[in-house]
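The sequence and structure are shown first.

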Amino acid sequence: MEYGLIGEKLGHSFSKTIHEKLASYIYEICELKPNELDSFFKEKSFKSINVTIPYKETVIKYLDELDESAKLVGAVNTIVNNDGHLIGYNTDYLGLNYLVKKLGLNLENKKVLILGAGGASKACYAVCKMNGASQILKSDFNHLDGVISFDEISDHLDVDFIFNATPVGMYPKNDGKLIDLDKFSNLVGFIDCIYNPLSTNLVLDARSLNIPSMGGLYMLVAQAYFAVEFFLRKKLDISLIDKIYKELVKEKDNIVLIGMPSCGKSTIGELLSKKLKKQYVDIDLLIEEKINSSIKDYIDKNGEDSFRNIEEEVVKDISKLNNQIISCGGGVIKRKININNLKQNGKIYFIDRSLELLTPTATRPLSNDLNKLKKLYEERYPIYLDDSDYHIDNNQEIEDAVNKIIEVYKNENPSY
């Protein structure tokens, strides 16, 4: 391996994609167990590598020199092999600091809470300190010196900024969440170091509260940019950070279609899949595969609530994947948790078709006659509007709606 990433569990990593967009070398992913580190660093058979959980502090003992960024943080995520002389850097610090500036967050004289006390939290602490924060609190599961417990956070609800540097909420356990942001009355900024999912529950909560926030993907791209500069020993064009971040979002982003039964979601989804080269997924078809029955027969036999439980399970699982076109059943919006899960890796498009153009269908037990259809329309329409990121009119040709979604998708400003 000449260039790559070492860590213990790396199945979720985006680093290979990012580095190979930034540079022409091959970037390898190398999972190492703790008992393999000694031999790996004894051989030194690499030019430059990145280091991730849980080795950002452990690797320091193998290094010959620490850059100022690594000294400042007390952790290393980038190592350059200079003819056998190993130099450690911390580009997490550089990437996070760049993100703070990008968001326009002013930490000077502010009170900050950092969730976590590991290597990533050290980068957060260094950034806060260098940007003049007046009080920096760390909170963790373990009772460490200078670290408050999560229970003690309730004594500090006046913090101005919060950083999540824990893995809580990270793929595949996307539903994790440590705190309720609505309890923090002074909160004016939130950053989550997690990049998979694109938006954690905490990022989504911050966004719903109109608090400036960002997930860890931008930071990941920025830290990789600075790492590549160390790898190649040359300066790169800083605009590459924004360019690659936007490209990566487009590659990972899901397009989620919601709307009434017979509004055209399936047809639109299949056309989008072909045009955008994303996989098409129909939630209702996945449910029928799971229950080995038609939805109508299942609801007739087991009731709607039982069906919604299965729908929730299927939505939760499919929402963890990337680069999909997801067509949802008309009632997916009946449970807010479905929308929350779908927004972790996607944007939601409401396919709006007028009531008079909708068609009752015998296979849809909740809308199999005009009266039921009208009642559902009146109940659900405001929810569709409220839950969606984009409102797409589908009262003309189906291609018009498809082209409108593609236009929005290609021109939107990523906000993960």
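## Crossing of two helices

The axes of helix α10 (residues 283-291) and helix α12 (residues 304-318) come within 10 Å and cross at roughly 115°. Axes are lines fitted to C-alpha atoms, for helices over the stretch in contact, with angles from 0 to 180 degrees between N-to-C directions. Helices (H or I, at least four residues) and strands (E, at least two) are DSSP runs numbered from the N terminus. α10 and α12 are therefore roughly perpendicular to each other (65 to 115 degrees).

The contact (heavy atoms within 4.5 Å) involves Ile 283, Asp 284, Leu 286, Ile 287, Lys 290 and Ile 291 of α10, and Phe 307, Ile 310, Glu 311, Glu 313, Val 314, Val 315 and Ile 318 of α12. By class, the residues of this contact are nine nonpolar, no polar and four charged. Ala, Val, Leu, Ile, Met, Phe, Trp, Tyr, Cys and Pro count as nonpolar, Asp, Glu, Lys and Arg as charged, and the others, Gly among them, as polar.

## Basis of the model

The model is predicted: local features need pLDDT of at least 70, side-chain atom pairs count only at pLDDT 80 or more, and totals for chains, interfaces and linings use all residues. Residues are numbered from 1 along each chain as its sequence is written, and side-chain values use heavy atoms, without hydrogens and water.

The largest pocket holds about 1200 Å³ of space. On a 1 Å grid over the protein atoms alone, a pocket is an open set of points where a 1.4 Å probe fits, with protein on both sides within 12 Å along at least five of seven lines; lining residues have an atom within 4 Å of a point. Among its 45 lining residues, Thr 52, Ile 53, Lys 56, Pro 167 and Met 170 are the closest to the centre. α7 gives the most to this lining, with three residues. The lining comprises 21 nonpolar, 17 polar and seven charged residues.

The second largest pocket holds about 560 Å³. Of its 31 lining residues, Pro 261, Asp 284, Ile 295, Gly 329 and Arg 364 lie nearest the centre. Elements giving two or more residues to this lining include α10 and α12.

## Backbone features

Most residues other than glycine have a negative phi, and most peptide bonds are trans. The bond from Ile 53 to Pro 54 is cis, with omega near 5°, and Pro 54 lies in the loop between β3 and β4 (65-66). Asn 196 and Pro 197 are also joined by a cis peptide bond, with omega about 15°. Lys 44 has a positive phi, near 55°.

How values were computed. Parallel < 35°, antiparallel > 145°, perpendicular 65-115°, else oblique. Points joined across faces, edges and corners; volume = space filled by probe spheres on them.
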